[in-house]
Amino acid sequence: MSINYSERIPNNVDLANDRTLQRALEHWQPKFLDWWREMGPSDFASADVYLRTAVGVDAQGWASYGAVKMPDYRWGIFLADRAPDRTMGFGDHFGEPVWQQVPGELRSQFRRIIVTQGDTEPASVEQQHRLGLTCPSLYDLRNLFQVNVEEGRHLWAMVYLLHAHFGRDGREEAEELLSRHSGDVDKPRILGTFNEPISDWLSFFMFTYFTDRDGKFQLKSLAESGFDPLARTCRFMLTEEAHHMFVGETGVGRVVKRSLETMKEIGSDDPQAIRNHGAIDLPTIQRYMNFWFTSSLDLFGSEVSSNAASSFASGIKGRPDETQYQDHICNDATFTLETPQGQKAVSMRNAMNEVMRQSYIKDCELGVRRWNMQIQRAGHEFRLALPSPHFRRSIGAWAGLPTDPQGKPIGREEYDRRTPEWIPSESDRAFVHSLMKRVIEPGKMAGWIAPPDRGINNLAVDYEYVRLN
Ligand SMILES: [Fe+2]
Ligand SMILES: [Fe+2]
């Protein structure tokens with residue numbers, strides 16, 4: 001089904017034939033727009049931004065490019081096409097037909113999962129609220145706004161499910177999604193990482209690399225869900241999510257590149273000398289990585305989780321790319337877990353969070369390897385590395401246990417003393433902030449970041465991606 005843009009809410013879910021649902025969503029729409037004006041990108045409401053908008057969910061339709069003022073962006077409801085005769089791919093109901101409605105006994109579990117996913121989407125827009133003011137280029141400014149409008153659309157995707165399948169409770173949850181705010185002392189966002197400020201662009205690139213990648217894995221596991229509308233929603237969200245991680249990977253890569261160019265120019269790898277020349281030294285990049293990677297690891301939850309086991313058993317949430325596994329039931333399988341007390345065998349179903357976290361870590365490593373190739377080609381010994389998953393954890397078996405970045409347990413005193421070596425210190429943050437000055441001449445880049453290899457949608461790098469009216 002193609003998407004009808006003449007409707008107030010563009011959609012491919014035949015909203016026009018469900019008047020009650022349509023009215024409920026039209027009632028929520030102005031509240032969303034109020035939220036966007038207040039909490040969305042600061043100061044850019046009148047700018048023309050070169051954005052992609054989905055006009056269909058197929059390969060041709062999902063990316064149509066053009067200049068748009070963000071408040072006029074057509075946020076809509078798009079589900080990937082229905083796969084005929086789709087059956088449950090995992091758990092106790094393996095092989096049975098998937099559900100088009102939420103089974104009553106799973107209602108509260110599904111609602112909690114959808115609300116938790118939904119909460120992250122506006123949270124990240126709030127975290128990035130003021131970033132546009134210090135953009136390193138128009139190209140980057142455009143990418144920030146693309147990510148922001150799509151996170152707004154992901155909120156719409158979850159709100160649609162809440163309205164369409166959870167009645168009054170769902171409508172109340174949809175309101176709450178606009179009333180919690182990132183970092184708010186009284187009503188914070190649900191998950192920790194989404195309350196961390198993103199006040200500089202290095203953090204933004206780390207966030208889109210590490211935290212949007214957590215999003216990718218959550219969406220992949222929900223794309224396996226036995227509740228078909230949720231699975232189809234997440235499948236379409238994944239196509240958009242890929243660009244967010246691209247922004248992160250290329251963003252960090254360009255900061256690394258500029259750092260290497262500076263080292264060559266000045267003939268030194270002394271961090272202070274590099275900083276004096278307005279670039280970010282590699283050890284600082286490593287500390288930012290340590291911070292965002294470890295924070296994102298917590299998003300997967302405890303290593304051993306009866307909740308995860310029951311989500312898997314009942315068909316709510318599968319493993320990312322479930323088809324890669326032989327055993328989709330996992331009734332007798334065990335998983336060997338690393339705990340501070342040594343190795344421990346646990347039931348596979350109880351270890352689903354950890355299974356997911358390990359696939360995530362592997363995926364994170366790919367980009368790190370590419371960044372390191374740049375460093376190696378430039379002839380330097382330094383290598384970036386993901387810290388151990390036991391380092392700086394706040395959730396699960398390793399929570400609160402002081403270790404070094406390699407995961408070796410150390411005393412609390414040493415941990416506290418050496419923390420500034422491992423995650424950004426006040427002075428690292430102050431330095432990175434000092435570089436954040438806005439550059440808005442088409443094609444020009446801030447001094448701390450190299451230009452991208454190519455522009456968006458085959459346009460030149462110096463295209464005027466954002467016209468600031
Ligand atoms: Fe998202
Ligand atoms: Fe995202």
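Q: A pocket, on a 1 Å grid over the protein atoms alone, is an open set of points where a 1.4 Å probe fits, with protein on both sides within 12 Å along at least five of seven lines; its lining residues have an atom within 4 Å of a point. What is the volume of the largest pocket?
A: The largest pocket has a volume of about 910 Å³, a volume being the space filled by probe spheres set on grid points joined across faces, edges and corners. It is lined by 43 residues, and closest to its centre are Thr116, Leu191, Gln218, Leu299 and Phe300. This is a predicted model, in which local features need pLDDT of at least 70 and side-chain atom pairs count only at pLDDT 80 or more, while totals for chains, interfaces and linings use all residues. Residues are numbered from 1 along each chain as written, chains are lettered from A and ligands numbered from 1 in written order, and side-chain values use heavy atoms, without hydrogens or water.

Q: Which helices each supply at least two residues of the lining of the largest pocket, and how do the lining residues divide by type?
A: Helices H2 (107-127), H5, H8 (282-297), H9 (306-314) and H10 (352-377) each do so; a helix is a DSSP run of H or I with at least four residues, a strand a run of E with at least two, numbered from the N terminus. The lining comprises 13 nonpolar, 19 polar and 11 charged residues, where Ala, Val, Leu, Ile, Met, Phe, Trp, Tyr, Cys and Pro count as nonpolar, Asp, Glu, Lys and Arg as charged, and the others, Gly among them, as polar.

Q: What lines the second largest pocket?
A: This pocket holds about 390 Å³ of space. Of its 16 lining residues, Glu249, Thr250, Gly253, Gln374 and Asp453 are closest to the centre. H6 and H10 give two or more residues each, and H6 has the largest share, with 6 residues.

Q: What makes the arrangement around the iron ion (ligand 2) irregular?
A: Its protein donors are Glu151 (OE), Asp212 (OD), Glu241 (OE) and His244 (ND1), at 1.9 to 2.2 Å, and donors are N, O and S atoms within 2.8 Å of the metal (3.2 Å for Na, K and Ca). The 4 donor atoms subtend angles of 84 to 169°. Four donors count as tetrahedral if all angles lie between 85 and 135 degrees; four count as square planar and six as octahedral if opposite donors are over 155 degrees apart and all others between 65 and 115; anything else is irregular. The arrangement is therefore irregular. Asp212 lies in helix H5 (residues 201-222) and His244 in helix H6 (residues 228-266), so the pair ties together parts 32 residues apart in sequence. Glu151 also bridges to the iron ion (ligand 1), the two ions lying 3.5 Å apart.

Q: Why is Cys330 called buried?
A: Buried means under 20% relative accessible area, exposed over 50%, and partly exposed in between (1.4 Å probe, protein chains only). Cys330 has 2%, so it is buried. Cys330 lies in the loop between H9 and strand S3 (334-339) and has a positive phi of about 55° although it is not a glycine.
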